[in-house]
Amino acid sequence: MKELARNGVPRSEIVLATKGGFIPFDGAPPDDVRSYFLKMFIEPGIVKAGDIVSGCHCMMPAYLLDQLDYSLRNLSVQCIDFYYVHNPESQLAEVPRSEFNWRLQTAFEASEEAVSASNIRMYGTATWNGYRNDPGAKDYLSLEDVIAIARKVGGDDHHFKVIQLPLNLGMEQALPLRNHSLRGRC
């Protein structure tokens with residue numbers, strides 16, 4: 001960002017998006033992953049062990065906001081345009097749908113708070129399989145249900161406005177598969 005600004009590109013000409021959900025390392029993987037994880041996330045109270053699925057994914061509010069703060073600092077900006085909950089469907093490998101819905105709701109509550117604090121403009125979900133799977137798949141996400149959770153949190157003026165999913169020659173399912181409904185119609 002700083003280099004773009006030095007080259008005369010105004011912030012208003014840039015759309016910044018970042019994601020939170022997967023647990024990253026700060027650079028190369030540390031020699032002792034467990035100690036790193038304890039020091040960075042457990043000891044400061046950012047996450048509890050039960051908040052993590054598959055040893056690598058968390059979408060609890062404190063964690064998502066912590067990662068948003070990292071992005072703001074790393075990019076030297078005060079506001080991110082789009083903040084995505086990254087692959088929320090990963091949670092469905094270990095938690096029941098009711099727990100998933102609660103976790104997604106709390107993630108959206110934190111996102112609405114970040115909008116109110118002017119740290120993000122809007123939020124959404126960046127998925128791999130969630131939106132392009134058959135509705136019977138365990139990790140399927142109904143866009144209609146996800147939007148209903150956003151409405152529950154932020155009312156009709158919620159800031160859930162963006163989604164990201166793969167759509168390319170090798171992964172075309174999002175286009176021909178009629179797997180989402182709107183008001184009962186596919």
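A salt bridge is a side-chain nitrogen of Lys or Arg within 4 Å of a carboxyl oxygen of Asp or Glu, and by this rule the count comes to 4 salt bridges. The model is predicted, with local features needing pLDDT of at least 70 and side-chain atom pairs counting only at pLDDT 80 or more, while totals for chains, interfaces and linings use all residues. Residues are numbered from 1 along each chain as its sequence is written, and side-chain values use heavy atoms, with hydrogens and water left out.

**Salt bridges**

- Arg-121 and Asp-81 meet through their side chains in a salt bridge (2.9 Å, N to O), and this pair links distant parts of the chain, since Arg-121 lies in strand 3 and Asp-81 in strand 2, 40 residues apart.
- Asp-81 is buried (under 20% relative accessible area, with exposed over 50% and partly exposed in between, for a 1.4 Å probe and protein chains only), at a relative accessible area of 5%, whereas Arg-121 is partly exposed at 43%.
- The side chains of Arg-151 and Asp-156 form a salt bridge (3.4 Å, N to O), in which Arg-151 is partly exposed at 44% relative accessibility and Asp-156 is exposed at 65%.
- Through salt bridges that share partners, Arg-11, Asp-81 and Arg-121 are joined into one network.

Key:
Helices (H or I, at least four residues) and strands (E, at least two) are DSSP runs, numbered from the N terminus.
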